[in-house]
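Please walk through this structure with me. The tour goes from the contact between chains to single residues.

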Amino acid sequence: MRIPPTLSAVLSNLFKKPATNPFPASDPVPTPEGFRGKLNYDVEKCVGCRLCVMVCPAGVIEYVPEVRKVTFWLGRCVFCQQCVDVCPVKALEMSDEFLLATDDKYNDNLRWFKEDEIEELKKKLEEQKKAKGAESQKK
Amino acid sequence: MNVDEFVKAFGERFPEAEIRVSENKQPHPKRRVWVEIDREKFHDAMKFVKELDPKAQFSIIIGMDAGDRLLAKYHLEMFWEEGGSLSLVIGTSVPKDDPKLPTVTDIFPSALPYERENQEFLGLFFEGIPDPRRLFLPDDFPEGIYPLRLDETGIKPEMVKNAGHPYRMGGEKK
Ligand code: SF4
Ligand code: SF4
């Protein structure tokens, strides 16, 4: 019988440690610098310029005209980072979070700036407007 | 054969053809020959190209809806064995009410998939095509609709589906 050419490699590998990472028993392989993970959005910083809506290739971002902010559904994000690069006020950044599996595509973890938050901000803006109106009347 | 020799030889054989040479610097300097020729002369022109270089590499056919006409551009890479190949774009056009071109599969057999593609996507038909079946579109796709047409035979608005953004869907409910 012919000796298979891989035999010596197979035999020597039998005595080596396995080169695997037994996740979840261990930590996942660390992410490199500049890793593109889940998107973070800073509502406060956002000026509502809509540039991110224009560059996003995946339809993740929708403009909310009442409050001049944007809202995200990351279920569609392709992690291209174009919105981060284009944002003039650095309201967007990519985190190193990548364990994003879920059983609901509209899971809260995949959404930024949801309906109730929008309502809340709307109320706040209206109150501010009223306060300003009252102030200017006083003068 | 270099660009100038090709332009001369082709221009002598087809004096009515429009020939233009473009030059780009990026990403690397390259001169490219563009030919525009009537459909009556098109098949002869392709035959002539093959005679000039029997090993010419047929790259692709790009079809386009230009209002009342359909354009077709055939890209070929020639004389590549001589190093620094010659890039040729030879184009022709047909009126929409008679969208027919002669097949060139008898000269360049590898043109077949591109001709089949243009038939189903643009409604540009090739006379004498040896295999007219659809290539990419599904079998249950409606007849008489050509997705790349910009006119009424193109995709209908009701065929376009958008899988919906949760903000939009919530917005519509309100
Ligand atoms: S990373 Fe890319 S896909 Fe994701 S939201 Fe930004 S632009 Fe859209
Ligand atoms: S680009 Fe930045 S500031 Fe402009 S709308 Fe998007 S997140 Fe807001």
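What follows covers the interface, a surface patch, salt bridges and some backbone details.

This is a predicted model: local features need pLDDT of at least 70, side-chain atom pairs count only at pLDDT 80 or more, and totals for chains, interfaces and linings use all residues. Residues are numbered from 1 along each chain as its sequence is written, chains are lettered from A and ligands numbered from 1 in the order in which they are written, and side-chain values use heavy atoms, with hydrogens and water left out.

Start where the chains meet. Chain A brings 17 residues to the contact and chain B brings 9. Contact means heavy atoms within 4.5 Å. About 900 Å² is buried between the two chains, and carbon and sulfur atoms give 54% of that area. Buried area is the accessible area (1.4 Å probe) that two parts lose on being put together, summed over both. How many salt bridges does the rule find across the interface of chain B and chain A? It finds 1. A salt bridge is a side-chain nitrogen of Lys or Arg within 4 Å of a carboxyl oxygen of Asp or Glu. A:E62 forms a salt bridge with B:R168, with the closest N and O atoms 2.9 Å apart. Between chain B and chain A, 3 residue pairs are in polar contact, both residues being at pLDDT 80 or more. A polar contact is a pair of N or O atoms within 3.5 Å; within protein, one must be able to donate a hydrogen and the other to accept it, and residues adjacent in sequence count only if both atoms are side-chain atoms.

Now turn to the surface of chain A. A:I3, A:L7, A:V10, A:L11, A:L14 and A:F15 form a nonpolar patch there, with about 650 Å² of accessible area together. Patches are made of residues with over 30% relative accessible area and no salt bridge; like charges are joined within 9 Å, and nonpolar side chains (Val, Leu, Ile, Met, Phe, Trp, Tyr) within 5 Å. Accessible areas come from the Shrake-Rupley method with a 1.4 Å probe; for residues, only the protein chains shown count as cover. A:F15 sits in the loop between α1 (7-14) and β1 (39-41) of chain A. Helices (H or I, at least four residues) and strands (E, at least two) are DSSP runs, numbered from the N terminus. A:F15 counts as exposed because its relative accessibility is 73%. Buried means under 20% relative accessible area, exposed over 50%, and partly exposed in between (1.4 Å probe, protein chains only).

Next come the salt bridges. Over all chains, the count by this rule is 19. In chain A, A:R111 pairs with A:E115, the closest N and O atoms being 3.2 Å apart. A:R111 is buried at 11%, while A:E115 is partly exposed at 28%. In chain B, a salt bridge joins B:K96 and B:D65 (3.0 Å, N to O). This pair links distant parts of the chain, 31 residues apart: B:K96 is in the loop between β5 and β6 (100-102), and B:D65 is in strand β3 (residues 57-66). B:D65 counts as buried because its relative accessibility is 7%.

Strand β5 (residues 86-95) of chain B also holds B:S93. Is B:S93 buried or exposed? At 19% relative accessibility, B:S93 counts as buried. The B:S93 side chain makes a polar contact with the side chain of B:R69 (2.9 Å). Leaving aside neighbours within four places in sequence, B:S93 is in contact with B:R39, B:R69, B:L70 and B:L71.

Last, look at the backbone. The peptide bond joining A:F23 and A:P24 is cis, with omega about 10°. A:P24 lies in the loop between α1 and β1 of chain A. Chain B has a cis bond from B:Q26 to B:P27, with omega near -5°. B:P27 is in the loop between β1 (18-24) and β2 (30-36) of chain B.

Positive phi values come next. A:F79 is not a glycine, and its phi is near 60°. A:F79 lies in the loop between β3 (69-73) and α3 (82-86) of chain A. A:Q81 is in the loop between β3 and α3 of chain A, with a positive phi of about 70°. A:F79 is partly exposed at 27%, and A:Q81 is partly exposed at 22%.
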